[in-house]
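Hi everyone, thanks for making the time. I'd like to walk you through one structure this morning, so please have the viewer open.

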Amino acid sequence: MADQTLPIPGALGVGRSRGAALLEWLHTWVITVDHKKLGILYIVYALFFLLVAGSEAMAIRIQLAIPNNHLLSPELYNEFFTMHGTTMVFLVGMTLIFGFGNYLVPLMIGARDMAFPRLNAFSFWMSAFGGLLLYFSFIGGFGLYGMGAAPDVTWWAYAPLTERAFSPGHNTDYWAIALIVMGFGTLGAAINTLATAFSMRCRGMTLLRMPLFVWLMVVASADTLIVITPLTAAQVMLIIDRYLGGHFFDTQAGGSATVWMHFFWIFGHPEVYVLILPAFGIASEVIPVFSRKAIFGYPAMVAASVGIAFVSLSVWAHHMFTIGMTSASNAFFALSTMMVGIPTGIKIFNWVATMWGGKIRFATPMLFCTAFLFQFLCAGLTGIMLAVAPWDWQLHNSYFVVAHFHYTLTGSFVFCFFAAIYYWYPKITGRMLSETLGKWHFWLFFIGFHMTFDTMHFLGILGMPRSIYTYEPDRGWTTLNMIVSVGGLIQAVAVLILVWNIVDSYMHGRSAGNDPWDAWTLEWSTPSPPPPYNFATEPVVRSRRPLWDIKHPEDPDWKYEL
Amino acid sequence: MSATSAFAGEPWRLPSRGRVAMLSLIVGESAIFTIFVVAYIYYIGRSTCGPSPQILEVPWFNTICLLSSSVSILLAERAIERGRIRAFASWWGLTMLLGIVFLAGTATEWKRLIWTDGLDIRTNLFGTTFYSLVGLHATHVVVGLLMLSLVMIFTLLGRVEERHAERIQVLSLYWHFVDAVWVVVFTVVYIVGR
């Protein structure tokens, strides 16, 4: 520390301790209403919980690696897979989409902030405290009796297991109330995203010129409005049952456990589309830039996204084929589920057509997106297999189902968001992530992913049910389970490489400049990181690729676009 | 024709963010009510014991009060648009009064159900679903009244002016929604379900 006063106003460290400076810095993050800072908070929060839920998954896989293992007790195993599912969906998935949405939507549409900055901060802190409440159950549920009090009723929490009689204590209450709190946060974020996209666009940014990521955030937010709210309603009913002695799901007083299943999956199935739609948006931004071509079939992409959102609302009971619905319901939900294949198929063809004949650069974001295309196709195909009711009767609640939805959520959602981290990290921090570490991350994660989840399909066909804490050695599942677990550990190593890359590149990474990928959307016209006001003058847009128009005035897009 | 000048003349109008946000909130709230209404309808006649919906009396007076509050708030919106603050204040006050009368009506109905008919939320499925659905709506009325009184306080302090018309209208959307939901709840609970 210099001991003479510098002639610079507000010079560092003069008359102020380091602790006070740190406190002030933290304070700016707590009180911030800037969409970029809140976006970063969301993303960091999501990455933290990705590590937490990932560790839970690792514990699960170590437990299942060999038969008759006693590393985790059955009770703790139940808590771990419940918390793994709940955390990954609500604390990682939802926060990642709204994190990137928060950061990128205003920048992409040429706005200076979200429509409601304070609502934005409120939404983030609601989600954040909801997550803390959920994890407080580990120590708060029964006091400090070991690890006995986290929710252990699975993330779909079927009634009547969740009723007072079968789940005494407070762990189920933690689950329900934490999700209600997070639900309010999510609802606020969704409303804010919609209002921003509709009411804050810069001049010339018509709806059909919005970048596809913004479009998909709009569709996902609209879906969120009608998807998260039924969950909140069902949780309120559950709380009424548990605290006020209600009978909604109390089968002995005429209540129905099936009604909970319907209410939960009315939320639960569209929820996975809420997660995957922004991932589609990321692929739709990354693939054109690294193929050096404009996106193929933009209007069809928009229409297909809206179509997916609508179809997704009528497929929920394919989670319930085994409860004995009528043949008519089975047929309806089988057919509606298969219909999802049409708009998603359109999207896959459009991405492939974008790459076709392009000058493809396989930088790390593009690698992740290419793997996503392949894996999402496989996930869709197993999805159509499971949509066939008789096939589902055979494989319901088996590892085949686990493999299927991890193909969508890990193989598609997580891969796209890894791509997003590599693609937008230079914009957010001003520094590039290391390509070498990125390639290591990609290939290890890719290999680990396929070892784990390809193998799980076979385990499911061999009859291994999900949610079991151990199995007998004579079942013939031993080798396959070991492969699954080793694959899981490889993925864990890959994620640790990503964490190291993020931390190390932040300090030593190559400087990025405004536009390291030679991209075309508005966020790349700002400095990296963007100033608090984003744009010094409000941009004016004439096409879907405003930066292309600036870089190529002799051949602008607006001459050709409809 | 140069690129920028051709563009500069075009008008650029966007929907109001308040309206978009309130409509989004209403869509989300509708989903919550849908779930509760579906649960109510599904559980009609499934109670294993205790009072049945026949004990309900149709709350005509309550309904008329709440529905006419939609008209009075509409008149308040008109008044503020034209900058007539005093008229606005009286229509706004009337709206609040009608909302309070509605709540009082619900309170007396519940008192009768609990003390005379012995129906509370624990009694049977009918009690659970009835108090949840009607209570959810009443909660929305309470929230609406809190927002209305906030505006009323600002009006009495002389802070509300003509330029706030749009915000007032956005808030009124919520009140209209609460009234519209009552039409559904009323029909399901007191007409169809009885």
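Let me start with a quick one: where is Pro529(A) found? Pro529(A) sits in the loop of chain A between helix 15 (478-508) and helix 16 (546-551). Please keep in mind that we are looking at a predicted model.

I picked that proline for its backbone. The peptide bond running from Ser528(A) to Pro529(A) is cis, and its omega is near -15°. There is also a cis bond between Ala159(A) and Pro160(A), where omega is about 0°. Pro160(A) belongs to the loop that links helix 4 (117-140) and helix 5 (171-199) of chain A.

While we are on loops, have a look at phi. Asp518(A), found in the loop between helix 15 and helix 16 of chain A, has a positive phi near 55° without being a glycine. Asp518(A) is partly exposed, because 13 other C-beta atoms lie within 10 Å. Asn68(A) is not a glycine either, and its phi is positive at about 50°. You will find Asn68(A) in the loop between helix 2 (35-65) and helix 3 (74-108) of chain A. Is Asn68(A) buried or exposed? Asn68(A) counts as exposed, because it has 8 C-beta neighbours inside 10 Å and the limit for that class is 12 or fewer.

Now let's go inside. The largest nonpolar core has 201 residues, and Cys416(A) and Ala419(A) have the most contacts inside it. Helix 13 of chain A is the biggest contributor to this core, giving 21 residues. If we set aside neighbours within four places in sequence, Cys416(A) is in contact with Ala279(A), Ile282(A), Ala283(A), Phe368(A), Cys369(A) and Phe372(A). Another core, of 7 residues, lies apart from it, and its members include Leu72(A) and Phe81(A).

Stay on helix 13, which covers residues 399-429 of chain A, and find Ala403(A) there. Ala403(A) is buried, because 26 other C-beta atoms lie within 10 Å of it. Not counting residues up to four places away in sequence, Ala403(A) touches Phe453(A), Met456(A), His457(A) and Gly460(A). From Ala403(A) to Asp454(A) there are 51 residues in sequence, with 7.1 Å between their C-alpha atoms.

Helix 7 (residues 257-291) and helix 11 (residues 364-387) of chain A pack at an angle of about 120°, with 9 Å between their axes. That angle makes helix 7 and helix 11 of chain A oblique to each other, and their crossing is left-handed. On the helix 7 side we have Ala283(A), Val286(A), Ile287(A) and Phe290(A), meeting Pro365(A), Met366(A), Cys369(A) and Phe372(A) of helix 11. By class, that contact has 8 nonpolar, no polar and no charged residues.

Last stop, chain B. The axes of helix 2 and helix 5 of chain B come within 10 Å and cross at roughly 155°, so these two helices are roughly antiparallel. Among the residues that meet there are Phe36(B) and Tyr40(B) from helix 2, and Leu133(B) and Leu136(B) from helix 5.

And how many residues of chain B are in contact with chain A? There are 28 of them, facing 33 residues of chain A. Helix 2 gives the most to that side of chain B, with 13 residues.

Methods
Residues are numbered from 1 along each chain as its sequence is written. Chains are lettered from A and ligands numbered from 1 in the order in which they are written. This is a predicted model: local features need pLDDT of at least 70, side-chain atom pairs count only at pLDDT 80 or more; totals for chains, interfaces and linings use all residues. Helices (H or I, at least four residues) and strands (E, at least two) are DSSP runs, numbered from the N terminus. A residue is buried if 20 or more other C-beta atoms lie within 10 Å of its own, exposed if 12 or fewer, and partly exposed in between; C-beta atoms are placed from the backbone. Two residues are in contact if their C-beta atoms, placed from the backbone, lie within 7 Å. Axes are lines fitted to C-alpha atoms, for helices over the stretch in contact, and angles run from 0 to 180 degrees between N-to-C directions. Angles under 35 degrees count as roughly parallel, over 145 as roughly antiparallel, 65 to 115 as roughly perpendicular and the rest as oblique. A crossing is left-handed if the near helix is turned anticlockwise from the far one by less than a right angle, and right-handed if clockwise. Ala, Val, Leu, Ile, Met, Phe, Trp, Tyr, Cys and Pro count as nonpolar, Asp, Glu, Lys and Arg as charged, and the others, Gly among them, as polar. A nonpolar core is a set of buried Ala, Val, Leu, Ile, Met, Phe, Trp, Tyr and Cys residues joined through C-beta atoms within 7 Å.
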